[in-house]
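Me: I am new to this structure and would like to learn how to read its features. Could we begin with charged side chains?

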Amino acid sequence: MDTFDSHAFIKSLAPQEEAMRMTEQAVITERRRAKRALQETWRRLIDVMENVPGGFVAFDRNWNFTYINAWAGRAVGREPQDLIGKNLWATFPRLLGTIYETYYRKVMAEHVAVRFEAHGVMSDRWYENRVFATPEGIGDFATDITERKRLEREFQERRIERENLLQQQVAFQTASAIAHELNQPLFAIAANCEAALRMLKAGNPQPDKLINALEASARQAQRGGQSTRQLLEFLAKSNIVAEGVDLNEEVIHALHMVRAEFEMAFKSELELEKDLPLVQTNRVHAQKVLVNLLRNGIEAMAEAGVPAPAITVTVRTVKEKNHVHVTIRDNGPGLTMEDIKRIFQPFYTTKANGIGMGLKISRSLIEANGGELWVDAEEGTGAAFHFTLPLAP
């Protein structure tokens, strides 16, 4: 009968234990090497950032300044050495609630890199910010893009002028075409009514002629109505190429477009549904409606001088109705009951320089894609516009 030799068994394990210790030591050594390499790269980055034409700041996980170069110090009007160790939010509370806080917290929490454009909170300049995770927390490299934004704004202003001119021309041509189509039947109606009136004043000695005059007037009225409907249907015709569209992406793109258009800084809150299903729509139409609604809200807040302008965009799925619901809400002066009643009528506008076709066109585009567009029917602070688009099959 064999006996268990514990001493021999323990001795046989020694090489395995030694191999494990060597592996653990190798892992520890590699981690230390990688950490030293990362720290060395970070030090080199800091050296480079002292001489680049841009601002660079870094914070630890408690939001305390760990580094700020001279360029950034000049941008915020502080000496860099005076900021090291101080808390970002306590030192610059005006950053709270802005796009800076949104992206800073996102990078700190998710360890991702983001890029965004923003109007300076401490200066009247525009910056392009690249925010990324660092060994200690996060870093933000910003370059001044004020001149680029000025050129973009000039381009946008010219584009808007061209769009307004085109809309005016379309409105004029539409009105001219409708007037042309109505002119002849209206003239015939007037002539028949005058004849009928003369016969009535004469005591109606010829009832058949009176009946014929009235029937002719009715036919001409029907003709005028039919011609007008046919003309509007013709003008509304367009080749709508629908496709599966991610409305979350379109909202972000539209917001970026309007930020480039306006000097006024405003806070934007995006309540976008995660894993949003695609909608079936024409991408250009959806983008035009989003830009128009966002632009209307920003212009309303700017004209009213709102101290803390903000826009909230909510996107959610309504599965029982097989559509996606988008809400764009601002904190401007809101709408009066008269505005709410007439806001979608052609040529009705609340803007000083508007022509009153934007919302009418937007509603037509949404309806052409199988959705609806409306405004909350209540007075008060701010305005909320809603539209829906059907889910893609």
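Me: How many salt bridges are there by the rule?

Reply: Side chains of opposite charge can pair when their charged atoms come close. The rule for a salt bridge is a side-chain nitrogen of Lys or Arg within 4 Å of a carboxyl oxygen of Asp or Glu. By this rule the model has 16 salt bridges. The model is predicted: local features need pLDDT of at least 70, side-chain atom pairs count only at pLDDT 80 or more, and totals for chains, interfaces and linings use all residues. Residues are numbered from 1 along each chain as its sequence is written, and side-chain values use heavy atoms, with hydrogens and water left out.

Me: Which residue forms a salt bridge with Glu117?

Reply: Lys149 does, with the closest N and O atoms 3.0 Å apart. The pair links distant parts of the chain, 32 residues apart: Glu117 lies in strand S3 (residues 114-119) and Lys149 in helix H6 (residues 146-201). Helices (H or I, at least four residues) and strands (E, at least two) are DSSP runs, numbered from the N terminus.

Me: Is Lys149 buried or exposed?

Reply: Buried means under 20% relative accessible area, exposed means over 50%, and partly exposed is in between (1.4 Å probe, protein chains only). Lys149 has a relative accessible area of 1%, so it is buried. Glu117 counts as buried because its relative accessibility is 14%.

Me: With which other residue does Lys149 form a salt bridge?

Reply: Lys149 also pairs with Glu152, the closest N and O atoms being 3.7 Å apart. Lys149 and Glu152 are three residues apart in helix H6, so about one helical turn separates them. Glu152 is partly exposed, at 26% relative accessible area. A network of salt bridges links Arg115, Glu117, Glu128, Arg130, Arg148, Lys149 and Glu152.

Me: What is the N to O distance between Glu269 and Lys267?

Reply: Their side chains meet in a salt bridge at 3.2 Å, N to O. Glu269 is partly exposed, with a relative accessible area of 35%, and Lys267 is partly exposed at 33%.

Me: Which residues of helix H11 are buried?

Reply: In helix H11 (residues 358-368), they are Leu359, Ser362, Leu365 and Ile366. These residues are on the same side of H11 because they cover an arc of only 120° around the axis. The arc is that of the directions from the helix axis to the C-beta atoms.

Me: What covers the buried residues of H11?

Reply: The cover includes helix H9 (283-304), strand S11 (373-375) and strand S12 (384-390), where contact means heavy atoms within 4.5 Å. Just after H11, Gly370 has a positive phi of about 85°.
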